[in-house]
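This report is for a reader meeting the structure for the first time.

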Amino acid sequence: MRPSLHGLLSGVVALAAVSCAVPKPQLSLDTTNVVTVYEKTPDATLSHPKVQKVGKLDSRGVSHLRKFLAGAKTKRLGYVSSNRFVQVGDRRLGVVVWSDGRLLGLDFSGQDASLVPPTTTHSVLVNSDEVVSKHLLDAVKEAK
């Protein structure tokens, strides 16, 4: 029974997280210091994603976002869902959180990640520095 379980788990993991050479998006953080935070409304559905403005990142939050992006690598993931989003210039990135509350990364699929269905393949910026990731997630949660 063990070999079949191992084969099943490795197959599921291979489908869930496929690492590819995906180029990072060109974000205009150098020219702007305004990063707006959005959140899905309670009446949002998969077919009608609605978001509302929560606030803006303060200068500390923008600094954490820059640090996160500087050390980020791209990954392709098979299922991603976001409830919060950050708007950088004309691009809306999804804030992807693990089930235990840690930041997985920023979904940059499409021009507006809130409009991309969770079941499609997503491009996500991930950073292995847990301290930077925690500070960025805290700043997004505290946005006013």
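## The chain as a whole

Of the 144 residues of the protein chain, 40% count as buried, where buried means under 20% relative accessible area, exposed over 50% and partly exposed in between, with a 1.4 Å probe and protein chains only. The model is predicted, so that local features need pLDDT of at least 70 and side-chain atom pairs count only at pLDDT 80 or more, while totals for chains, interfaces and linings use all residues. Residues are numbered from 1 along each chain as its sequence is written, and side-chain values use heavy atoms, with hydrogens and water left out.

The protein chain has three helices and eight strands, which follow one another along the sequence in the pattern α-β-β-β-α-β-β-β-β-β-α; helices (H or I, at least four residues) and strands (E, at least two) are DSSP runs, numbered from the N terminus. Among contacts (heavy atoms within 4.5 Å) between residues at least 6 apart in sequence, 61% join residues at least 24 apart. The protein chain exposes about 8,600 Å², and carbon and sulfur atoms supply 57% of this area, as computed by the Shrake-Rupley method with a 1.4 Å probe, only the protein chains shown counting as cover for residues.

## The nonpolar cores

A nonpolar core is a set of buried Ala, Val, Leu, Ile, Met, Phe, Trp, Tyr and Cys residues joined through side-chain atoms within 4.5 Å. The largest such core has 23 residues, of which Leu 57, Leu 65, Phe 68 and Leu 106 touch the most other members. The elements that give two or more residues to this core are E2, H2, strand E5 (84–88), strand E6 (91–97), strand E7 (103–107) and helix H3 (130–141), and the largest share, five residues, comes from H3. Apart from this core lies another, of six residues, among them Val 96, Leu 104, Val 124 and Val 126.

Gly 61 is placed in helix H2 (residues 59–70) and counts as buried because its relative accessibility is 0%. Leaving out residues up to four places away in sequence, Gly 61 touches Leu 136 and Ala 139. The C-alpha atoms of Gly 61 and Glu 142 are separated by 9.1 Å, although these residues are 81 apart along the chain.

Ser 133, in helix H3, counts as buried because its relative accessibility is 5%. With residues up to four places away again set aside, Ser 133 touches Phe 68, Leu 103 and Asn 127, and a polar atom of the Ser 133 side chain lies 3.5 Å from the backbone oxygen of Asn 127.

## Lys 50 and its surroundings

Lys 50 is found in the loop between strand E2 (35–40) and strand E3 (51–56), and counts as partly exposed because its relative accessibility is 40%. Beyond its neighbours within four places in sequence, Lys 50 is in contact with Glu 39, Lys 40, Thr 41, Asp 43 and Ala 44. The side chains of Lys 50 and Asp 43 are joined by a polar contact of 3.2 Å, a term for a pair of N or O atoms within 3.5 Å; within protein, one must be able to donate a hydrogen and the other to accept it, and residues adjacent in sequence count only if both atoms are side-chain atoms.
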